[in-house]
Amino acid sequence: MTKNLVIVESPAKAKTIEKFLGQDFTVKSCFGHIRDLAKGDDAIDVKNNFKPHYEVSADKKAIVAELKKLSDKADIIWLASDEDREGEAISWHLSEVLGLDDAKTKRIVFHEITKPAILRAIENPRKIDKHLVDAQQARRVLDRLVGFELSPILWKKIKGNLSAGRVQSVSVKLIVEREREINNFNSSFAYKVTAQFNVGGKTMNAELPKRFDVIEKAEAFLEQCNGAIFSIKNLEVKPAKKSPAPPFTTSTLQQEASRKLSFSVAQTMQVAQKLYEAGLITYMRTDSVNLSELALNTARTQVTKQYGAEYAQTRKYTTKSASAQEAHEAIRPTDFENITVDIGKQEQRLYELIWKRALASQMADAQIERTIATIGISTVNEDLTATGEVLKFEGFLKVYLESNDDESDDENSSMLPPLKIGENLLLKQMEAIQRFSKPAARYTEASLVKKLEELGIGRPSTYAPTISTIQKRGYVLKEDREGKERQINIITLANNKVSKEVKAEKYGYEKSKLFPSDIGMIVTDFLSKHFENIMDYNFTATVEKEFDEVANGQLQWNKMIETFYIPFSADVKKTSDTAERQSGERMLGVDPATGKNVYVKVGRYGPFAQLGEGTEDEKPKYGKLRTGQLVESISLEDAIELFKMPRIVGEFEGKEMKASIGKFGPYIVHDNKFYSIPKPDDAYSVDTDRSIEIIEAKRIVEANKLIRAFAEDENLKLLNGRWGPYIGYGKNNFKIPKDRQANLDTLTFEECMKIVGPIKAEVPKKAATKKTTGKKVAPKKVAAKKTAAKKTAAKK
């Protein structure tokens, strides 16, 4: 008989905890949530205080049965799911589904999976906090209502398979607004003047604080400086200091792992979860920067031991956010003496980041001496400025320096050589370079998390799934984009001579940035127009605050939902009845060569351009939009370029190969056969050699697929597919009866045609003109069943 049953969410967590408890304890995993809202429209009874209807998923029934059996025999059941609202809800669902006796059920929480923490939790159990459960339940119910009521409207008014969500939709809106801000940005330029001086054999950089708006003024300034005497006019030395950043919260960990390790937010959380379950770090979903007294003391001991007492400085950080509730401590190592971990390369990299950040937060300030040198110019009433820093004491910089998202290309201050007031300087070179202003940077996953946190949208547990969801839905693309080239003017003063030149400059290169898709922009515009509250940043943040109030017992969860739902459901009905259908279609103008209209729109397979109306007599021409082109901003000229297909790419086996683009994507035509062009290749750039590779690769696949052809009828083939052998006739597939699959060599033409049945008469006429959807069709059993299926579909 099990004396003590401990239930946690994951097997890894169970394995770690089991090591710390004696033989009287059995630790089992429930593998996350054991039940969730029912699928379909019956999940929430909106007429009965929004009562949720939960059901145990099919894959969890065996787990529930095992836990039920063990809990019935146990003296005490310890519910040890994570300490946040999600974890509290898991414990509540376990209690409800397993029918646990309240008298022998205890809830325990801990911030880290270490033996002292687990034993301390066992000594200090509590009851399930229903307020925390209600807060999680409120979030789940509200998000289900929003998703289930908005998504059908998107299907009806835009296109099928779209979804909307309370947090995901405003996240996409942020990215859409930033993209439009960038596209509408009018770049201006100015001339920045820099100078390099030779001081004691070392180069010192300086710059002119002002900028010139036209090249003539910049050139005139350099001409005035030709032959001038440059001297140190003033030296200003200021002491300065840098302080360490606080230890990680969930959002700052996601941001810093993105900057320093190039991790996605989802990857960061997956790796952090492994570290937590292995007992190496504290709980990773938190918005607190606080460290426990034990952590403060052990960090100080480690700093003193490793770097010396002068590097140690105990700091107590406080969380600025009033809503901080996910945990009581920042993310830190459970043991500061562990500098390395032996569970994987990615885990080591993230652990090291957490260790350095936490330890550095308990170290002394870096002491800096900042020098500003003012350089006078004898021929003009302007001064140059040179700045430099000297690191007098490393402090926390010995361990860690926080990164940022600033994309400016200004150089960091460097050390200045020894200087004296009145000292003359030898000019090596002075330049006036044309510099262009930049728009706001596109979001990375890290900077989007930062923005969501600033706006109060979402919580530590929601950032990663939200950013993953908007990418999976196709609303947002995470991509690298090649830069463009532009000409810049450079004026140089060197060797007492002023010269001018024009150079090419690369700009606009993007790495791992978030771009909105066309469908993401259309959905955002539609929702913003018809559901202002859902898409309002302040409203979304207010909802988060109300969740916090529910968690604190200050607000009843179903009353909160009611206040939201009544006006929301009215907007849903109004929009469903009155809103016009949206396609994002634009008519760009008329093609000068053909006189036909040019359109851009979003179709089933993505955005494309269309030349002509499309009639029975004439098929329109299509061109898929290229990477970086958007339906709302592409020009007529760029769209016309998309129709310059087919393109002859070379010859193979004495016949032309042509690259083209259709509604279903790019392809190559050779000998009247079609070959899809796989990504990352495209129809505009695929060359002769690559086209041959694509053709030959498809032939190998086809050769392996073909078992036998029949001379009596070229439409009939015996083929091998992923579900076994089948008969192909034209574009239709038919299953071979099991009793004939064993010996295919004896399968005659007459037997095959009997299986094909009456469809034979239709194929020769329609094979060439029949439109296909591009989908792979699973083998059909018999023609009669195929006909029956069509009738059923027609009834629907």
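Student: Which residues form one aromatic cluster?
Tutor: This is a predicted model, in which local features need pLDDT of at least 70 and side-chain atom pairs count only at pLDDT 80 or more, while totals for chains, interfaces and linings use all residues. Residues are numbered from 1 along each chain as its sequence is written, and side-chain values use heavy atoms, with hydrogens and water left out. Rings of Phe, Tyr and Trp (its six-membered ring) pair if their centres lie within 6.5 Å; planes under 30 degrees apart are stacked, over 60 edge-to-face, and the rest tilted. One aromatic cluster is formed by Phe-50, Phe-531, Phe-539, Phe-564, Tyr-565 and Phe-568.

Student: What kind of aromatic pair do Tyr-311 and Phe-393 form?
Tutor: The rule gives a count of 17 aromatic pairs. For Tyr-311 and Phe-393 the distance is 4.8 Å centre to centre and the planes are 40 degrees apart, and the pair is tilted.

Student: How many residues apart are Tyr-311 and Phe-393?
Tutor: Helices (H or I, at least four residues) and strands (E, at least two) are DSSP runs, numbered from the N terminus. Tyr-311 is in the loop between α10 (293-307) and α11 (345-360), and Phe-393 is in strand β13 (residues 383-393). The pair links distant parts of the chain, its residues being 82 apart.

Student: Is Tyr-311 buried or exposed?
Tutor: Buried means under 20% relative accessible area, exposed over 50%, and partly exposed in between (1.4 Å probe, protein chains only). Phe-393 has 22% and is partly exposed. Tyr-311 has 9% relative accessibility, so Tyr-311 is buried.

Student: Why is the pair of Phe-564 and Phe-568 called stacked, and in which helix do both lie?
Tutor: The ring centres of Phe-564 and Phe-568 are 5.1 Å apart with the planes at 20 degrees, so the pair is stacked. Both residues are buried. Phe-564 and Phe-568 are 4 residues apart, about one turn, and both lie in helix α16 (residues 557-578).

Student: Over which ring does the charged end of Lys-173 sit?
Tutor: A charge sits over a ring if NZ of Lys or CZ of Arg is within 6 Å of the ring centre and within 35 degrees of the ring normal. Lys-260 does this at 5.3 Å from the centre of the Tyr-400 ring. For Lys-173 the distance is 4.7 Å, and the ring is that of Tyr-537.

Student: How is α5 oriented relative to α15?
Tutor: Axes are lines fitted to C-alpha atoms, for helices over the stretch in contact (heavy atoms within 4.5 Å), and angles run from 0 to 180 degrees between N-to-C directions. The axes of α5 (residues 130-157) and α15 (residues 537-551) come within 7 Å and cross at roughly 150 degrees. Angles under 35 degrees count as roughly parallel, over 145 as roughly antiparallel, 65 to 115 as roughly perpendicular and the rest as oblique, so α5 and α15 are roughly antiparallel.

Student: Which peptide bond is cis?
Tutor: Most peptide bonds are trans. Pro-680 is placed in the loop between β26 (673-676) and α18 (688-705). With omega near 5 degrees, the cis bond runs from Lys-679 to Pro-680.

Student: What is the phi of Asn-672?
Tutor: Asn-672 lies in the loop between β25 and β26, and with a relative accessible area of 72% Asn-672 is exposed. Although Asn-672 is not a glycine, its phi is positive, about 65 degrees.
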